[in-house]
Amino acid sequence: MLREVYAAHFPVGAAIQRSQIASATPDRAILAAQFSSITAEYEMKPDIIAPTQGSYDWSRSDALMDWAEANGIAVRGHALLWHQTTPAWFLSGSPADIRAKLQQYVTDVVSRYAGRIHAWDVVNEVASDSGGGTAPYRDSNWYQAVGNGDYIDWAFEAARAADPACKLFINDYNTELPAKRARYLEIIADLLARGVPLDGVGHQFHLQINADPADSLAAIDAVDALGAGLENHATEIDVSVYSDPGECFAGGVNCAASYGSQAANVPASVYAAQAQIYRGLFDGFVQRPSVTSVTVWGLHDGQSWLNSFPVSRNNYPLLFDPDRQPKPAFHAVTDPAYVI
Ligand code: XIL
C-alpha cells in the first residue's frame, strides 16, 4: 500500500472532490486504503467557501474534513488566497478595506479547522512567471488592488494568529525551472527576513513527460540551502503524457496531438517514462528529510484537471488509470523490485 511504503517519511496525499467520498464509491475505498492525506481539489477555495461577502458555505469543506478525520487521513488546506478563485468582493475598496476582509476570511477559515488541518497553503501562485514589471510578484488582481505584495504578509499573519500550531505554506508551480524558482526564492527570503510566519514551501510539480526529476529535486535542495529550516511539500504532482510548447499553455495552440479517450492508445513507452519520473521523484523525496508531505493532483486519470487544461484533451497523468487500476507509475513507487 502506498501510504505504508512511505509511512516513515511523509504522508502521501491525493487531491479529491467531495463527490468521490460522498457514498461508498470505488474511489473512496482506494483513497482509504492507499492514501494518508487529502487536499480539496477546489472545495476549500474562497469562491466556494465565501462566494458572497458575509456568508460562508462550509458544506463541502466540512464534508471532506469530517470524512478524512473519521478515516485517519490528514488534510492539507488549499488555498486561502489564489488569484484565480478570489471573488470580486474581496478586492473592492481601499487597501485597508481589502486587508480587513482578507484578515476576517483567513481568521474564520483557519479557526474553523484549527487543530484539524495541519498545514495550509496560505498563498498560491504569487510569484511571477517572467522578469520585469512587478517581478518577483505576479501581476495579479491582488497585486493590482493592493499596489504591492503586502497582502501576502497579511494572509500569513492572520493565519498564524488563528492557529499557531498550523504549518503555513507558500505554494507555486514551475519551481523546477531555475528562473521561476529564483523569483519564488526571492519572495521567500524576503518574507523570512521580515519575520513573516512561514513554515514551508509548496512545489506543485505539474510535470510533463520529458521532465527530469533532478530538476524538481533541485528545487527542494534550493529551499534547504536557505538554511532556514523550512519544510518542503510536493503539493500537486502529476506527469502529463504530453510535452507541450509554451504557446500551448499561453494560448492553446501547437499542443501535442491527443492520444484519445482510450487509455490503451497511450504507448507503453510513455507509461514507462512516466513511471521513471514518479520513481525518481519519490526516491529523491525519501532522501530529503525536509520533505514532509507528498500529494498527487487527483486519484485516477478519469478525473484529472489535465483532461481540460491547457486544452480539452484526454490526459493520463496519475497513478491509477480511468478504470481505477494501478498503472506502471503506481508499481514504480510502491515496489522497488518492479522493473520499469
Ligand atoms: C485546479 C483544479 O484541479 C480544478 O478542478 C479547478 O477547476 C481549478 O483548479 N494549481 C493549483 C490548483 O494550485 O488549485 C489547481 O487546481 C491546478 C493548478
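Guide: Helices (H or I, at least four residues) and strands (E, at least two) are DSSP runs, numbered from the N terminus. The model is predicted, so local features need pLDDT of at least 70 and side-chain atom pairs count only at pLDDT 80 or more, while totals for chains, interfaces and linings use all residues. Residues are numbered from 1 along each chain as its sequence is written, and side-chain values use heavy atoms, with hydrogens and water left out.

Visitor: In which loop is Phe 205 found?
Guide: Phe 205 is not a glycine, yet its phi is positive, near 60 degrees. Its place is the loop between strand E6 (200-203) and E7.

Visitor: Which residue is joined to His 78 by a cis peptide bond?
Guide: Omega of this bond is about -5 degrees.

Visitor: What is the volume of the largest pocket?
Guide: On a 1 Å grid over the protein atoms alone, a pocket is an open set of points where a 1.4 Å probe fits, with protein on both sides within 12 Å along at least five of seven lines. Grid points are joined across faces, edges and corners, and a volume is the space filled by probe spheres set on the points. For the largest pocket this comes to about 960 Å³.

Visitor: Which residues of the lining are the closest to the centre of the largest pocket?
Guide: Lining residues have an atom within 4 Å of a point. There are 36 of them here, and the closest to the centre are Tyr 173, His 206, Phe 249, Trp 305 and Phe 309.

Visitor: Which space is taken by the ligand?
Guide: A molecule sits in a pocket if more than half of its atoms lie within 2 Å of the pocket's grid points. The space that the ligand takes is the largest pocket.

Visitor: How much of the ligand's accessible area does the protein cover?
Guide: Among the polar contacts (pairs of N or O atoms within 3.5 Å), the side chain of Glu 41 has an N or O atom 2.5 Å from a ligand oxygen, and for Lys 45 the distance is 2.7 Å. A polar side-chain atom of Trp 297 lies 3.0 Å from a ligand oxygen. Accessible areas come from the Shrake-Rupley method with a 1.4 Å probe. Of the 420 Å² that the ligand has on its own, the protein covers 79%.

How values were computed: Polar contact = N/O pair within 3.5 Å; in protein donor to acceptor, adjacent residues only side chain to side chain.
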